[in-house]
Amino acid sequence: MSKRYRIRLLWLLVPASAIVLAFAVSSIALLAIGESPISAFRSMFEYGSQQNSLVSMVNRAVPLYVAGLAVAIGFKMNLFNIGVEGQYRIAALLAAAAGAAVTLPAPLHIVFIMLVAMAAGAAWAGIAGVLKVKRGVHEVVSTIMLNSIATGIGAYLLANYLRKPRLPHELIIQTRQIPPSGQLPPLAVIGGENLRSFVLIAAVLGFLVYVLIWRTRFGFDLRASGINPDAARVSGVSPNRMILTTMLISGAVAGLIGMSDLFGFFHAYTLDFPTGLGFDGIAVALVGLNHPVGVAAAAMVFGWVDRAAQILDLEGIPKEVIIITKGVIILSVVVAYEVVRRLVQTQEVKAAAEETRRLEEQKEVVAA
Amino acid sequence: MSWGGLDTALAQATRGRRLEARRILLLLAGVLILLSAVRVITGAPDLTSSDTYGAALRLGVPILLAGLGGLYAERTGMVNIGLEGMMILGTWFGAWGGWHYGPVWGVVLGIAGGTLGALIHAVATVTFGVNQIVSGVAINILAGGVARFLSVIAFTGHGGGATQSPQVTSELPRLTVPVLAGGKLFGWQSPDVLGWLENRHWFLLSDTSALFRGFMIDLSILTIITVLLVPATFFFLWRTRLGLRMRSGGENPWAAESLGVRVYTMKYLGVLISGALAGLAGAFLVLEGAGIYREGQTGGRGFIGLAAMIFGNWRPSGVGAAAGLFGYAHALDLRSAPAVHALLLFAAISLTLLGAWWLYRRRLTVGISTLVIGGLVFLWFAVTDTVPAQFVYITPYVTTLVVLAFASQRLRMPTYDGIPFRKGEQIT
């Protein structure tokens, strides 16, 4: 029992040590440009612990969290959905356009926009799923291609069909504004910063994903397919059906990544709509060990670092140093997980061998 | 086995290769004739002008370098999604080196930058056995951050900023072939024979001259090196011992290990060469393209390179052809909208011919659906006047997906591509 506890502790130590290492590397980078890392981190912590910074941290963490969930669902059955990026951008564009095109009572309007986003994300991910199931195209390759295709198609649709008719002097390219019934008012205003309401929906989403993956028959099949596809197939799980369903669910969740920004801030799809969240989601899922709770923690860490770094520019330190921090976190986490995984595996093999030998000896004693 | 049997087998293989080469030449000739015909019908001279071919070459070089990079890595069994990031490092270090020490150092440091990214990838994946996709994604994120950080500290206040470098004025040697394409020969302005032929606008003859002329005018030394890398890569990987050992890491690392090949070293080598080529591609973008480092300059070319590698069936000549095709599409898009539109007619006719061929081979479903698609493309050509730029942008990606979806049985990737290899453990 204590051994299992120790292993669990070992797993938890990994992200913690990765974060420490990342800050160490960032300190070296700061020292290299002649800045004091101590004062930099002190001002980051001072600024980052203010109330409005914490609110901003949550706002920044929510899309990352949803992205992490979308990626984690795929990872749980060894599917690499690198295409989350394309899925959420197509979904956000279509949902914004659809949301602006209809008028519905408030709660229905929100639900409608979310359903459009989930359908669009699922459909885009479904292409990769069908290609894998029907034609054996590896999902990594197809989703990379689909990301770029999404960029092109999205730009085309926005420029030609979904764009708001602009006034002569306007240069902004964006979809029509979603009416107030399709917007979410802030949950609270703390220290002048709006806490976006989508955090509640994201929390429910996380819980639903947890239940789906860890507490249902489908989730069991999914995880089994991830750990040992052959065993799962023999036990009657259709691999093709699992691949397709998982891709669709992952894409549907990915469709929701942009919703926090859409409901709470932009109210339209614009050219400044955040990009790169799909790839950050991969990082968050990896650091968070593909578990909703871990992903939430990782998203909070990334969100906090993003926010706290804003102060660095005022101190004359390039805030870009935190991109290095994040990159090092990702790399060291994946390396450390691999090392721990192998360590645990060897220990288990050793323990099993010892157990077998003990049983053999007992048998011999009995036989004698 | 008798030597006689081996001889027959070798002879067959040689004959097969000759047939293959003849088929490729035939195909190329067919494409050229068809393009010339479309040029005459639509009256879009840019479709086959030497300027277009020259631009296609310049735009194809970074894609080709990235594709060859991917090839080296995947032939040793290592998937390298991090090509894009390594190319970003190549652009930054290429610009920094070019700005400080001149173009030669720009190239050297660009290569070094890409190799550094590859070293991280190799340590994580080969030594620590981290999943190759995960590591590649991490490197793409990291490279963007490192480039941004370095720009802030190196370029701000020197005529650049967080997202771009100062102007890198760096002229590497250039060559225009004399006599055939009008280059200078010891200061003597030689005649431009192919140019003269091209300007006659004769069917096929002018178009063919333009193709050759496009590959002879204003060539950067880097372009020449890159084009030569295609046969060099083939020779190195398929005709040398080291190449064979490297490929054995991708075909069957356990068998290779049992024969005494140092598989880890081979994999390291493959990944490092891959990063070096991606870095060179980045340096090329800066030194021969924009003359400046700009954030987002690579524009997904690492991924297009990956697409070219797959489209080219993990073969150097195939990667070259794919890079040329993608470069051509991009060049047309940059140069002339009517020519892109004319290309639709070309696609429609090709699809129709392909569909007819399949029908002749009694592959009814594929044949009919290809014919239908060909008809639709023709309809598209007939009812519109232009093709949106975004459609040209997605062409390489869509082509690759279509090829993967419908011709994947003709593709053959290295058997153990992307599968982690641990010394002394056999998983399969």
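This is a predicted model: local features need pLDDT of at least 70, side-chain atom pairs count only at pLDDT 80 or more; totals for chains, interfaces and linings use all residues.
A nonpolar core is a set of buried Ala, Val, Leu, Ile, Met, Phe, Trp, Tyr and Cys residues joined through C-beta atoms within 7 Å.

**First stop: the cores**

Select Val66(A), Ala95(A), Ala117(A) and Val334(A), which have the most contacts inside the largest nonpolar core, a set of 229 residues. Next, highlight helix 3 of chain A, residues 51-75, which gives this core its largest share, 15 residues. Then centre the view on Ala95(A). Beyond its neighbours within four places in sequence, Ala95(A) is in contact with Ile113(A), Val116(A), Ala117(A), Ala120(A) and Leu262(A). Another core, of six residues, lies apart from the largest one; Met246(B), Val263(B), Met266(B) and Phe421(B) are among its members.

**Second stop: where the chains meet**

Display chains A and B together. Each chain brings 36 residues to the contact, 36 from chain A and 36 from chain B. On the side of chain A that touches chain B, select helix 5 (106-135), helix 6 (139-162), helix 12 (277-287) and helix 15 (321-367), each of which supplies at least two residues.

Select Ala188(A), which belongs to strand 1 of chain A, residues 188-190. Is Ala188(A) buried or exposed? Ala188(A) has 10 C-beta neighbours inside 10 Å, and a residue with 12 or fewer is classed as exposed, so Ala188(A) counts as exposed. A distance drawn from the C-alpha atom of Ala188(A) to that of Leu21(A) reads 36 Å, and the two residues are 167 apart along the chain.

Chain B is as compact as a globular protein of its length, because its radius of gyration, 23 Å, is close to the 22 Å that the globule rule gives for 428 residues. Along the principal axes, the C-alpha trace of chain B spans about 70 × 60 × 45 Å. Buried residues make up 50% of the 428 in chain B.

Within chain B, select helix 2 (residues 50-75) and helix 7 (residues 205-214); their axes lie 7 Å apart and the packing angle is about 35°. The crossing of these helices of chain B is right-handed. Helix 2 of chain B contributes Ser50(B), Thr52(B), Tyr53(B), Gly54(B) and Leu57(B) to the contact, while helix 7 of chain B contributes Ala210(B), Leu211(B), Arg213(B) and Gly214(B). These contact residues divide into four nonpolar, four polar and one charged.

How values were computed:
Residues are numbered from 1 along each chain as its sequence is written. Chains are lettered from A and ligands numbered from 1 in the order in which they are written. The radius of gyration is taken over C-alpha atoms; the globule rule is 2.2 Å times the number of residues to the power 0.38. A residue is buried if 20 or more other C-beta atoms lie within 10 Å of its own, exposed if 12 or fewer, and partly exposed in between; C-beta atoms are placed from the backbone. Axes are lines fitted to C-alpha atoms, for helices over the stretch in contact, and angles run from 0 to 180 degrees between N-to-C directions. Helices (H or I, at least four residues) and strands (E, at least two) are DSSP runs, numbered from the N terminus. A crossing is left-handed if the near helix is turned anticlockwise from the far one by less than a right angle, and right-handed if clockwise. Two residues are in contact if their C-beta atoms, placed from the backbone, lie within 7 Å. Ala, Val, Leu, Ile, Met, Phe, Trp, Tyr, Cys and Pro count as nonpolar, Asp, Glu, Lys and Arg as charged, and the others, Gly among them, as polar.
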